[in-house]
Amino acid sequence: MDAIKETHFNFPSQSAYYKGKVRDVYTIADKYLAMVVTDRISAFDVVLPEPIPFKGQVLNQIAAKFLTATADIVPNWVLSVPDPSVTIGRICEPFKVEMVIRGYLAGHAAREYALGKREVCGVSLPEGLKENDILPEPIITPTTKASVGHDEDISRGDILAKGIVSEADYVQLENYTRQLFTRGTEIAAGQGLILVDTKYEFGKVGDTIYLIDEIHTPDSSRYFYSDGYAERQENDEPQKQLSKEFVRKWLIDNGFQGKDGQTVPEMTREIVLSISERYIELYQQITGEAFVKPGDEDVLQRVERNIITALAEL
């Protein structure tokens, strides 16, 4: 199947190229970014060897939908979405923190809690919680934004003490984060989902803060199905999740957690296609829309043509 593993384009006025874990980003005239959301997939901060067909399109189109749906809360970086796997937007100076917000005790926070910790990123957690319980109120647990290696938990106090973000800006980031999470929760509820936790990234142009990167995708967020949530909690059963946690679970079950000396398990065609199907399922459940696969045109030729056309219109 045609999947975007990597790109090596050369666009008019291109001034830089950056290959991230899952995105190829082209800087145009030092003013714009053309972001190709590839089909690479990462877990435990490791890029897995096989791309997942349609994964990039799923993430790009979900992000585009939610960025549009939250533009009344905070302006965002997007100028156009000229291709299912491409977003073009303004260059922002990114804040060096990711704003993680959690409504439930799940994932990393649950693992920390199970170790006996009752504070995450300087935020206290009550006794008596079990994994996947709803929290008394959503909590913000920021992480550092690492250019290389692992992001690390950091507290609000440390962010301000180290001058990573000014207090005035950080207060605004917290306000935006809570408003975005409320909006995302409302939209998810309409699709029979619970938005469990998610992360937001922000940047600045002049004095204006912009929402950047993707939001509310299964790579940046965790969802539970609403139906049966209470019963599963009552019976101490795992929650039915809508996130890429299933990829992490498959890796863990096959002896890989990104630690030194561990080897990524073989990604057979069957595994790759099953992951692709799950991503398409995620798209349809989150958006409530049918997923439309592109035609048979060579995917790299299509992406290049659509970017060139869009850039000419800027």
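Visitor: Before we look at any pair of residues, what makes a salt bridge?

Guide: A salt bridge is a side-chain nitrogen of Lys or Arg within 4 Å of a carboxyl oxygen of Asp or Glu. In this structure, which is a predicted model, Asp 72 and Arg 183 form such a pair, with their closest N and O atoms 2.9 Å apart. Because Asp 72 sits in the loop between H1 and E6 while Arg 183 belongs to helix H4 (residues 167-190), the pair ties together parts that are 111 residues apart in sequence.

Visitor: How many salt bridges does the structure hold, and which residues are joined into one network by shared partners?

Guide: The structure holds 25 salt bridges. One of them joins Lys 199 to Asp 213, where the closest N and O atoms are 3.9 Å apart; since Lys 199 lies in strand E14 (residues 193-205) and Asp 213 in the loop between E15 and E16, this pair ties together parts that are 14 residues apart in sequence. Through shared partners, salt bridges join Arg 23, Glu 98, Lys 145, Lys 199, Glu 201, Asp 213 and Glu 214 into one network.

Visitor: Where in the chain do Arg 23 and Asp 213 lie?

Guide: The side chains of Arg 23 and Asp 213 meet in a salt bridge at 3.4 Å, N to O, and this pair links distant parts of the chain, with Arg 23 in strand E2 and Asp 213 in the loop between strand E15 (208-212) and E16, 190 residues apart. Arg 23 is buried, with a relative accessible area of 16%; Asp 213 is buried at 14%, and Lys 199 is buried at 19%.

Visitor: Turning to the sheet, in what order do its five strands run?

Guide: The five strands form an open sheet in the order E1-E2-E3-E7-E6, with antiparallel pairing. Strand E1 (14-19) and strand E6 (78-83) are the edge strands, each pairing on one side only, and the twist from one strand to the next averages 20 degrees. Within the sheet, strand E3 (residues 32-37) and strand E7 (residues 86-90) are joined by five bridges, and Met 35 has Thr 87 in E7 as its bridge partner.

Visitor: Which helices pack against these strands?

Guide: Helix H1 (residues 55-69) lies across E3, E6 and E7, running at about 145 degrees to E6. Helix H8 (residues 299-312) also packs on the sheet, where it touches strand E2 (23-28), E3, E6 and E7, and its direction makes about 140 degrees with that of E6.

Visitor: Which residues of helix H2 are buried, and what do they pack against?

Guide: In an α-helix there are 3.6 residues a turn, so residues three or four places apart point the same way. The buried residues of helix H2 (residues 107-114) are Gly 107, Ala 109, Ala 110, Glu 112 and Tyr 113, and they pack against strand E9 (97-104) and E16. Just after H2, Gly 116 takes a positive phi of about 100 degrees.

Visitor: Where does Tyr 225 lie, and with which side chain does its own side chain make a polar contact?

Guide: Tyr 225 is in strand E16 (residues 221-225) and is buried, with a relative accessible area of 11%. Its side chain makes a polar contact of 3.3 Å with the side chain of Glu 281. Neighbours within four places in sequence aside, the residues in contact with Tyr 225 include Gly 192, Arg 232, Leu 242 and Gln 285.

Note on methods: Residues numbered from 1 in each chain as written. Predicted model: local features only at pLDDT ≥ 70, side-chain atom pairs only at ≥ 80, totals over all residues. Heavy atoms only, no water. Helix = DSSP H or I, 4+ residues; strand = E, 2+ residues; numbered from the N terminus. Buried < 20%, exposed > 50% of the residue type's maximum accessible area, 1.4 Å probe, protein only. Contact = heavy atoms within 4.5 Å. Polar contact = N/O pair within 3.5 Å; in protein donor to acceptor, adjacent residues only side chain to side chain. Pairing = 2+ DSSP bridges. Axes fitted to C-alpha atoms, helices over the stretch in contact; angles between N-to-C directions.
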